Amino acid sequence: MEDSLAKLERIQTQILERISKLELSTSASLPQSTSTPIPSSTQNAAVGATEARLSAILLANGVKDFAFKRVASDYYDWSLDARRDALRAASIHHLCKSIVLVNTQAQSSVVDCSDRNNSKYYVVVVQYTARFNAEAVKNFLYSLNDGKIAKKKFNMRLAPEDTSIQLTGFEHNAVTCVGMKTDIPVIMDEAIEKLSPDFFWLGGGEVDLKLGIRTSEFISYAKPFIVSCSGS
């Protein structure tokens, strides 16, 4: 465990050093102008820290084919076509989101995420173009537990925003499955696995930061349950 943490710290330090060198290089090449203020180093460090932390986690877990993209502050006011173009995604169907669900009817003994087959919370990754089907997740979890838990004990609803933030460490529109505060089991809609090309986009830890990742590598990292849980 200590060796893994040390490796993660080394990777994160290397990424931070690269970002710092890039910032210095960029600042040196920019013409000085009183009309165009340059962002402070504190702001850059805060922005770079999230990307560096998540990159370090992905790299430490063998994920190599991924990219982060900074978007405009009004990104969520744009059409899906405009978002696709900004990210250079293959299609609007490659734009996905991560939502935190809570089982509001879970047994009294189920209070956390220690049992991934019968967790109080799940993170579901679904396309923006799809209509999420909570009933399909309910039926999947019932079957996953071999029918030993009454179906009425599964009632999946969107978790309150403050609960989502507490569990993941990420605010609304920034939730990602990488680097969450809590090890929440992940459910990925089957439609995402079938996308071609197999590289999709989701939240990147900040509202204006998006993460693109190879589907197969995401599956290897997040180990999601792959469930058909949406409709068009």
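Is Phe200 buried or exposed, and at what relative accessibility? Phe200 counts as buried because its relative accessibility is 0%; buried means under 20% relative accessible area, exposed over 50%, and partly exposed in between (1.4 Å probe, protein chains only). Here are some notes to read beside the structure.

1. **What you are looking at.** This is a predicted model, in which local features need pLDDT of at least 70, side-chain atom pairs count only at pLDDT 80 or more, and totals for chains, interfaces and linings use all residues. Residues are numbered from 1 along each chain as its sequence is written, and side-chain values use heavy atoms, with hydrogens and water left out.

2. **Confidence.** The average pLDDT (the predictor's confidence in each residue, from 0 to 100) is 86, and 79% of the residues score at least 70. Over residues 19–47 the pLDDT is below 50, and this stretch has 11 contacts in the model beyond near neighbours in sequence; contact means heavy atoms within 4.5 Å. Where pLDDT is low, the predicted coordinates should not be read in detail.

3. **The sheet.** An open sheet is built from 3 strands in the order E1-E8-E7, with antiparallel pairing. Helices (H or I, at least four residues) and strands (E, at least two) are DSSP runs, numbered from the N terminus, and two strands pair if DSSP finds at least two bridges between them. At the edges are E1 (66–70) and E7 (199–206), each pairing on one side only. Between E7 and E8 (residues 209–214) there are 6 bridges, and Gly203 stands opposite Lys210 in E8.

4. Leaving aside residues up to four places away in sequence, Ile213 touches several residues, including Leu58, Phe66, Phe200 and Phe218.

5. **Aromatic pairs.** Rings of Phe, Tyr and Trp (its six-membered ring) pair if their centres lie within 6.5 Å; planes under 30 degrees apart count as stacked, over 60 as edge-to-face and the rest as tilted. The count comes to 6 aromatic pairs. Phe200 and Phe218 are edge-to-face because their ring centres are 5.3 Å apart and their planes at 85 degrees. Phe200 lies in strand E7 and Phe218 in helix H7, so this pair ties together parts 18 residues apart in sequence. Phe218 is buried too, with a relative accessible area of 2%.
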